[in-house]
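Please read this briefing alongside the sequence and the coordinates.

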Amino acid sequence: MALKDLPREEYLLPGSAACPGCPATIGLRTVLKALSKKTILVVPACCTAVIESWYPNSSFNVPLLNIAFEASGAAASGIVSALKQKGRDDINVVVWAGDGGTYDIGIQAMSGAFERGTDFIYICYNNQIYSNTGIQRSGATPYGAWTTTTVSGKGEFPKDMGAIVRAHRIPYVATACISYPEDLYNKVRKAKEIRGSKYIEVLTPCPPGWRFPMDRTVEMGRLAVETGVWPLYEYENEEMTFNGISRAIFEGKYKRKPVEDWLKLQGRFSHLFKPKRDEERIKRFEKFVDDMWERFRKEFG
Amino acid sequence: MKVVVDTGNHIAALAAKLAKPDVVAAYPITPQTTIVEKIAEYVAKGEFSGDYVCVESEHSAMSACIGASAAGARTFTATSAHGLLLMHEMLHWAALARLPIVMVNVNRAVGPGWNIWSDQNDSMAQRDTGWIQIYCSSNQEIFDSIIQAFKLAEHKDVQLPVMVCYDGFILSHTSMPVKVPEQKEIDDFLPKREPKWVLDPENPVTHGNIIMPKDYPSIRKAMQDAQENAKKLIPDIAREWRERFGTYHGELIERYMCDDAEYILLTYAALGAESKIAINELRKEGKKVGLARIRFFRPFPTEDILDLAKNSDLIVLDRSISIGMEGALFTEVKSSLYGKSDAKVFGYIAGLGGKDVTYKDIEKMVNHAIDGKYREVVWYDMGGC
Amino acid sequence: MKKYDVVTTLSYPKTGAMGKTGTWRIFRPILNKDKCVKCLRCWIFCPEGAIIRKDDDSVEIDYNYCKGCGICARECKVKAITMEREE
């Protein structure tokens, strides 16, 4: 499939409150094209809640329930239940939540919804920070990254949310990235046809949060995949398939670019390079990525 | 019409079943558990109209109810004490979203330490949320109030959630006979819900995005107006129920022997029932006393309070305390009278943490006031009189 | 589009909900149609949806809403889009 096969209809209307170069809106445009009109979005507190613009106007042309930060999975469960009772389970119920509302404060409600086999799609758009509140660290923030609450660089590695979600044994778990729109589109379309809980985590590189020029959003996402920091995969019925470059990395057919190719383009990692190169931390990051792929090969090879 | 003898909780579950909710999302907590268990039994027997979602916390229970209600469903849930407190954020959310959710709160003391017995601190602490609040004193009243709550909540001039409260163990686990109408009769009284806003792909709306200060006050004022509308509808609904089904528990308040009373005792929930016995005993001694049992705490019955104070002094008995101030009923009664009455108002607090309060204790408190011994708020549990 | 009576925070879809966000621009994208190969990369990567896709898959920039982020220029493989400073 090619870009020209994507539907023309826009469900996110131009003129929203998003930052110029915002990856969430890039992701949303593609995702909504895959879902189309019969969709109800559940959006917790996150950048998108602001991107919607303010009352009495909305930039969204699908029904959208804003909900409290921690409650997406539960609110979605309620909507799915109501629609089922009304015989309208042909409507897609989709959570669109940030990494904060997924990895951290929202993890309980999401986990509960998955455990109940709720028939919905949970999409986490991951910009690796609490972006909406001004760039604080989240459970998804990478090692060594500056945030306003990890001023000398985060000391911990992020949670493996994919593994946590896979452990719920839901029918479909996937990762995606806004830089690969056909892949994202296909994954959403596939998820939409599956009954049960589906999870897709989309990497969304944030210019103000990661400190890079606003025209390089798509490039940042591509590099994350090419360096192996962000794997693209689908986990369906306990079978793992890697996609695109990630598959080539997994199979050893493509040597992933060094992690620092990605790190050095982002201001949030600048302290790893200036005033002095922090070899130890760069090496630890590189090892983390190596280990991740080793684990993948052991578990799914 | 049949008579069922069962516990407050089982009667609540029965009322919920007969109201035919589309979605119930609930989480167990003592002493509410037998409600959710009974509903699960109904589901297993195929007797329950709705989908029952066993959520993983009370915050999620209310969040799921909000989602379901926003999608057009009639929704019900139940909780108690810590569960109620955990969903506090979402209680505000449901009311501001104008969703007619009905919830039972089985009153229970708040910890630490863990205390499963009853007082009304848990629900009193929610009186700012915008929810309509009812306090019940009998299992019949629990049944009637739950079904009436749906009618009130879903009325086009209200569109606010309603919580029906009653004492843990004293009512929740005590059996009483209850007259139960047939399903068809309930359906005639309570038609299907017609949502006043709904999530629908045919008419895409966004609910709850950013609202600027200049627009926000109108949301609050509309909620206030809705509760004022509720004040007018509550008597109508109670009287319609009496006409159809024969049972009646008063309206915003229930008056008992108030007509010629020199002193009226104001209280709520189980103490409201216990107080009737105290009033009877005091009347035997020739004392001119009456009881005004507060049923609706929100909307607060200011007009009724003013009316009671025309010819009587008021003795207020709270089974709750707003630490740093007084029992909520005491404060709000005085507030209702301000500048409009010179009736005396006496404040008593008793039964915190489920400490037992019998009609003899209530007689002591009333006599304390009548005998002119009152100086300041009396903490009866601490040996106040 | 049906508007509901009940007073709560209900908002309705609007193009330009934040107004003409084209006023945010410092740089504007200029499209050279001769170079364009209609690959649609600029269309799919535009965060705003401000690149209009025509029936024949040629594109046009909607300057009412384009915020001038420059992603289109960056992602165009044939360099058909250049960024120029707004006057």
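The points below go through the chain contacts and then turn to chain B.

The model is predicted. The contact between chains A and B takes 40 residues from chain A and 37 residues from chain B, while the contact between chains C and A takes 34 residues from each of the two.

**Chain A against chain B**

- Strand E1 (39-43), helix H2 (47-51), strand E3 (64-66), helix H3 (72-85) and helix H5 (107-115) of chain A are the elements that each give two or more residues to the side of chain A that touches chain B.
- H3(A) provides the largest share of that side, with eleven residues.
- By class, the side of chain A that touches chain B divides into 22 nonpolar, eleven polar and seven charged residues.

**Chain C against chain A**

- On the side of chain C that touches chain A, the elements giving two or more residues are strand E1 (10-13), helix H1 (41-45) and helix H2 (71-75) of chain C, and the largest share, four residues, comes from H2(C).
- The side of chain C that touches chain A has 15 nonpolar, nine polar and ten charged residues.
- Strand E2 (residues 57-58) of chain A pairs with E1(C) in the parallel sense over two bridges, and the bridge partner of A:Ser58 in E1(C) is C:Pro13.

**Helix packing within chain B**

- The axes of helix H7 (residues 139-154) and helix H9 (residues 216-245) of chain B come within 10 Å and cross at roughly 130°, which makes H7(B) oblique to H9(B).
- H7(B) contributes B:Asp144, B:Gln148, B:Lys151 and B:Leu152 to the contact, and H9(B) contributes B:Ala230, B:Leu233, B:Ile234, B:Ile237, B:Ala238 and B:Trp241.
- By class, the contact of H7(B) with H9(B) has seven nonpolar, one polar and two charged residues.
- The crossing of H7(B) and H9(B) is right-handed.

**Strands within chain B**

- Strand E2 (residues 23-26) of chain B runs parallel to strand E3 of chain B, to which four bridges join it, and B:Val24 stands opposite B:Tyr52 in E3(B).

Methods: Residues are numbered from 1 along each chain as its sequence is written. Chains are lettered from A and ligands numbered from 1 in the order in which they are written. This is a predicted model: local features need pLDDT of at least 70, side-chain atom pairs count only at pLDDT 80 or more; totals for chains, interfaces and linings use all residues. Axes are lines fitted to C-alpha atoms, for helices over the stretch in contact, and angles run from 0 to 180 degrees between N-to-C directions. Angles under 35 degrees count as roughly parallel, over 145 as roughly antiparallel, 65 to 115 as roughly perpendicular and the rest as oblique. A crossing is left-handed if the near helix is turned anticlockwise from the far one by less than a right angle, and right-handed if clockwise. Two residues are in contact if their C-beta atoms, placed from the backbone, lie within 7 Å. Ala, Val, Leu, Ile, Met, Phe, Trp, Tyr, Cys and Pro count as nonpolar, Asp, Glu, Lys and Arg as charged, and the others, Gly among them, as polar. Two strands pair if DSSP finds at least two bridges between them.
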